Amino acid sequence: RSQDSNTLHGRVEAVSKPKMLMQLVAVLFILIAAASQAAAAKEESVCDLIAGHLPSECICSGKQTFSGIVDCKVATLGKDHLGIQVKVAPCEDPAHVDFTVTESAHGVNFTFGSFKAGHEEDVAVPGATLDLPSVGKVGLDVSALIDGDLDELTVKVGLNACGEIKGHKVCGSSLTNKLPFWVLHGTYHFRHVCKTSVEGELPLVV
């Protein structure tokens with residue numbers, strides 16, 4: 001009987017050890033998955049970095065970590081409504097922004113794609129004019145600049161307008177307190193956001 005008991009105990013022990021090992025492996029996988037989810041939850045996105053610097057008329061959205069879309073309802077000048085949407089893509093090669101300007105009075109919906117790092121330009125918005133009291137009609141521009149690298153990337157994107165008063169060219173705040181309207185106007189640190197964008201390799205910024 002003693003021998004039979006020992007044999008039975010050995011069989012139970014032999015069965016229990018693999019079972020316990022499987023349970024330990026299962027627990028380990030659960031812990032690893034939980035840790036991975038926690039790490040992912042802590043990862044910052046482009047919107048996380050820029051949202052605190054946006055004007056109150058703008059919100060940043062987007063499900064992707066490596067880019068964000070800023071949507072702004074800029075101003076209402078009489079019956080004219082201005083809006084601008086900016087896609088910020090610092091992790092692409094090269095870093096760039098795309099923007100779309102809307103102006104209701106003239107049915108304007110103008111998109112400018114891939115304004116790349118290393119450039120500065122005032123882009124005229126075709127067909128978009130503002131009718132300002134005591135000034136008349138003025139043209140609408142997008143002022144844009146991107147320069148630097150992922151450690152310090154300067155991004156400036158905003159709406160401006162220029163017109164003539166008594167033969168002199170005047171722009172922005174000289175025309176209306178609504179302009180210039182800066183959507184983005186600062187230097188941002190994107191390296192840690194972009195570090196896993198392409199198999200852990202950082203894209204080059206010109």
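Two strands are taken to pair if DSSP finds at least two bridges between them, and helices (H or I, at least four residues) and strands (E, at least two) are DSSP runs numbered from the N terminus. On this basis, S3 and S4 form a hairpin with six residues between them. The structure is a predicted model, in which local features need pLDDT of at least 70 and side-chain atom pairs count only at pLDDT 80 or more, whereas totals for chains, interfaces and linings use all residues. Residues are numbered from 1 along each chain as its sequence is written, and side-chain values use heavy atoms, with hydrogens and water left out.

The chain holds three helices and ten strands, and its elements follow the order α-α-β-β-β-β-β-β-β-β-β-β-α from the N terminus on. Of its 206 residues, 37% count as buried, where buried means under 20% relative accessible area, exposed over 50%, and partly exposed in between (1.4 Å probe, protein chains only). With contact defined as heavy atoms within 4.5 Å, 43% of the contacts between residues at least 6 apart in sequence join residues at least 24 apart.

Strand S3 (residues 80–89) runs antiparallel to S4 over eight bridges, with Ile84 having Val101 in S4 as its bridge partner. Seven bridges join S4 to strand S5 (residues 108–116), again in the antiparallel sense, and His96 stands opposite Lys116 in S5. S4 and S5 also form a hairpin, with four residues between them, and Gly107 in the turn has a positive phi of about 65 degrees. Because seven of the eight residues of S4 are buried, the strand is largely enclosed by the rest of the structure.

Within S4 (residues 96–103) lies Asp98, which is buried yet has no salt bridge, the nearest side chain of opposite charge being that of Lys87 at 4.7 Å. A salt bridge here requires a side-chain nitrogen of Lys or Arg within 4 Å of a carboxyl oxygen of Asp or Glu. The side chain of Asp98 is instead joined to that of His96 by a polar contact of 3.1 Å, a polar contact being a pair of N or O atoms within 3.5 Å, of which, within protein, one must be able to donate a hydrogen and the other to accept it, with residues adjacent in sequence counting only if both atoms are side-chain atoms. Beyond its neighbours within four places in sequence, Asp98 is in contact with residues including Gln85, Phe112 and Ser114.

Phe99 is, with Ile50 and Val70, among the residues with the most contacts inside the largest nonpolar core, which has 51 residues; such a core is a set of buried Ala, Val, Leu, Ile, Met, Phe, Trp, Tyr and Cys residues joined through side-chain atoms within 4.5 Å. Outside the four places on either side in sequence, the contacts of Phe99 include Val86, Phe110, Val142 and Val157.

In strand S7 (residues 136–148), Ser143 counts as buried because its relative accessibility is 13%. A polar contact of 2.8 Å joins the side chains of Ser143 and Asp122.

The count of salt bridges comes to one, formed by Arg191 and Asp151 with their closest N and O atoms 2.7 Å apart. Arg191 lies in helix H3 (residues 191–194) and Asp151 in the loop between S7 and strand S8 (153–165), so the pair ties together parts that are 40 residues apart in sequence. Arg191 is partly exposed at 31% relative accessible area, and Asp151 is partly exposed at 37%.

Note on methods
Lys, Arg positive; Asp, Glu negative; His and termini not counted.
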